[in-house]
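My notes are below, in the order I worked.

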Number of protein chains: 2
Amino acid sequence: MKPNDILQQHEVKKTLSRIALIKALQTSEQPLSENEIRDRMLDQYDRITFYRNVQTLSESGILHRIVIDNTHVKYALNCCEKEHHHAIDHVHFYCKECGKTVCLDEVPVQQYPLPDGFKLDECDVVIKGYCKDCPGNHNA
Amino acid sequence: MKPNDILQQHEVKKTLSRIALIKALQTSEQPLSENEIRDRMLDQYDRITFYRNVQTLSESGILHRIVIDNTHVKYALNCCEKEHHHAIDHVHFYCKECGKTVCLDEVPVQQYPLPDGFKLDECDVVIKGYCKDCPGNHNA
DNA sequence: GTAATTAATGAAACAATGTTTCAACTAAAG
DNA sequence: CTTTAGTTGAAACATTGTTTCATTAATTAC
Ligand SMILES: [Mn+2]
Ligand SMILES: [Mn+2]
Ligand SMILES: [Zn+2]
Ligand SMILES: [Zn+2]
């Protein structure tokens with residue numbers, strides 16, 4: 001789907017930096033870090049604008065943030081089908097060796113019991129391990 | 001259990017700043033942020049030492065870090081019973097209104113299917129919502 | 001208890017991620 | 001084309017965390 005159409009469909013203004021951001025994410029099968037996106041946006045990249053657009057586009061349901069840990073954050077386009085506003089309903093995988101991150105779109109987060117009176121809003125699940133391209137025999 | 005005994009049992013040096021850190025965490029039922037710990041450590045607090053001790057004590061199984069998101073991290077003592085080295089086997093809850101964080105020690109993280117060849121190392125589950133003391137009627 | 005050894009501490013400087021303010025600019029609507 | 005409301009980018013700042021290295025404290029050997 002074309003960046004222009006995605007923006008129009010979600011009713012946010014079509015600007016050059018947003019189009020470049022969406023294009024950058026479309027060049028990859030996997031979620032990307034800010035630096036990986038910067039490298040793909042070339043001169044259309046500005047840090048402040050990037051962070052603002054991440055917020056706007058994530059609120060409008062175009063993309064989602066994946067917090068691996070406090071120092072690693074990835075960004076991915078949402079599946080075109082789903083238009084949830086901020087609910088990430090699937091699990092994420094992170095390879096501790098190569099850093100590759102995968103949206104496991106087919107793996108829904110499970111329901112966990114909460115103490116009485118507690119209300120659930122969202123549930124983040126990040127699985128860390130080693131992808132099939134990485135041996136990861138770190139203790140063998 | 002006394003800080004001194006905890007440190008001895010896990011075979012790390014008994015220093016003033018480590019004892020003060022453990023004491024600080026023991027004053028609270030819930031996980032604490034760095035600032036909340038600082039306020040409880042008074043003049044025994046130093047940022048660099050704090051971060052180094054968090055690393056050492058977490059590697060030795062005395063405490064664990066809870067990454068709520070990239071800007072909110074909490075710290076909690078491990079249950080005395082369990083001596084897992086870095087495996088957090090339980091789910092965490094975070095109240096979006098008051099920031100209170102709860103170790104749901106009785107709620108184990110569930111098993112999720114991974115793509116072929118992928119190896120699991122750890123799985124972080126953070127549930128965000130509203131605790132029983134917070135209405136959280138943010139859209140009602 | 002004292003000396004020797006080994007690890008921990010704290011100052012300074014830095015790094016990564018993200019935010020706020022505000023003037024200039026651009027996209028969308030009329 | 002003009003207006004207007006939203007977007008951009010510069011500067012400065014905030015938070016979380018690390019690295020280096022000289023000094024200091026904790027443990028071990030005597
Ligand atoms: Mn995803
Ligand atoms: Mn916990
Ligand atoms: Zn890998
Ligand atoms: Zn609350």
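**Entry 1: layout of chain A**

I noted at the start that this is a predicted model. I then looked up the elements of chain A and found four helices and six strands. Read from the N terminus, these elements follow the order α-α-β-α-α-β-β-β-β-β. The C-alpha trace of chain A spans about 45 × 45 × 25 Å along its principal axes. Of the 140 residues in chain A, 46% are buried. I also looked at contacts in chain A with a separation of 6 or more, and 54% of them involve residues 24 or more positions apart.

**Entry 2: helix α2 of chain A**

Is helix α2 of chain A mostly covered or mostly open? I found it mostly covered, since eight of the eleven residues in this helix (residues 16–26) count as buried, buried being under 20% relative accessible area. The buried set consists of Ser17(A), Arg18(A), Ile19(A), Ala20(A), Leu21(A), Ile22(A), Ala24(A) and Leu25(A). I noted that a charged residue, Arg18(A), is in that set.

Next I asked what covers the buried residues of α2(A). The cover includes three helices of chain A, namely α1 (3–9), α3 (34–41) and α4 (47–59). It also includes the strands β1 (32–33), β2 (63–69) and β3 (72–77) of chain A.

I followed up one of these neighbours, α4(A). The axes of α2(A) and α4(A) lie 10 Å apart, and the two helices pack at an angle of about 75 degrees. That angle makes α2(A) roughly perpendicular to α4(A), because 65 to 115 degrees counts as roughly perpendicular. On the α2(A) side, the contact uses Ser17(A), Arg18(A), Leu21(A) and Ile22(A). On the α4(A) side, Thr49(A), Phe50(A), Asn53(A), Thr56(A) and Leu57(A) meet them. By class I have four nonpolar, four polar and one charged residues in this contact.

**Entry 3: helices α2 and α3 of chain B**

I then turned to chain B, where the axes of helix α2 (residues 16–26) and helix α3 (residues 34–41) come within 9 Å and cross at roughly 110 degrees. So α2(B) is roughly perpendicular to α3(B). The crossing of α2(B) past α3(B) is right-handed. From α2(B), the contact takes Ser17(B), Ala20(B), Leu21(B), Ala24(B) and Leu25(B). From α3(B), it takes Ile37(B), Arg40(B) and Met41(B). I sorted the residues of this contact into six nonpolar, one polar and one charged.

**Entry 4: strand pairing within chain A**

I looked up β3(A) and its partners. β1(A) pairs with β3(A) in the antiparallel sense over two bridges, and Ser33(A) stands opposite Lys74(A). β2(A) also pairs with β3(A) in the antiparallel sense, here over six bridges. One bridge there puts Leu63(A) with Leu77(A). The hairpin that joins β2(A) to β3(A) has two residues.

**Entry 5: the sheet with strands from both chains**

In what order do the six strands of the open sheet run? I read it as β5(A)-β4(A)-β6(A)-β5(B)-β3(B)-β4(B), with mixed pairing. The edges are β5 (101–108) of chain A and β4 (101–108) of chain B; each has a single partner strand, so one side of each has no neighbour in the sheet. On average, neighbouring strands of this sheet are turned by 25 degrees against each other, direction ignored.

Inside this sheet I checked one pair in chain B. Strand β3 (residues 90–95) and strand β5 (residues 119–130) of chain B are parallel and share four bridges. Phe93(B) stands opposite Ile127(B) in β5(B).

**Entry 6: two single residues**

His72(B) lies in strand β2 (residues 72–77) of chain B. I have it as partly exposed, at a relative accessible area of 36%. Setting aside neighbours within four places in sequence, His72(B) contacts Ile66(B), Val67(B) and Tyr94(B). Its C-alpha atom is 9.2 Å from that of Gly99(B), 27 residues apart along the chain.

Asn35(A) sits in helix α3 of chain A. Asn35(A) is partly exposed too, with a relative accessible area of 44%.

Definitions and conventions: Residues are numbered from 1 along each chain as its sequence is written. Chains are lettered from A and ligands numbered from 1 in the order in which they are written. This is a predicted model: local features need pLDDT of at least 70, side-chain atom pairs count only at pLDDT 80 or more; totals for chains, interfaces and linings use all residues. Side-chain values use heavy atoms; hydrogens and water are left out. Axes are lines fitted to C-alpha atoms, for helices over the stretch in contact, and angles run from 0 to 180 degrees between N-to-C directions. Angles under 35 degrees count as roughly parallel, over 145 as roughly antiparallel, 65 to 115 as roughly perpendicular and the rest as oblique. A crossing is left-handed if the near helix is turned anticlockwise from the far one by less than a right angle, and right-handed if clockwise. Contact means heavy atoms within 4.5 Å. Buried means under 20% relative accessible area, exposed over 50%, partly exposed in between (1.4 Å probe, protein chains only). Two strands pair if DSSP finds at least two bridges between them.
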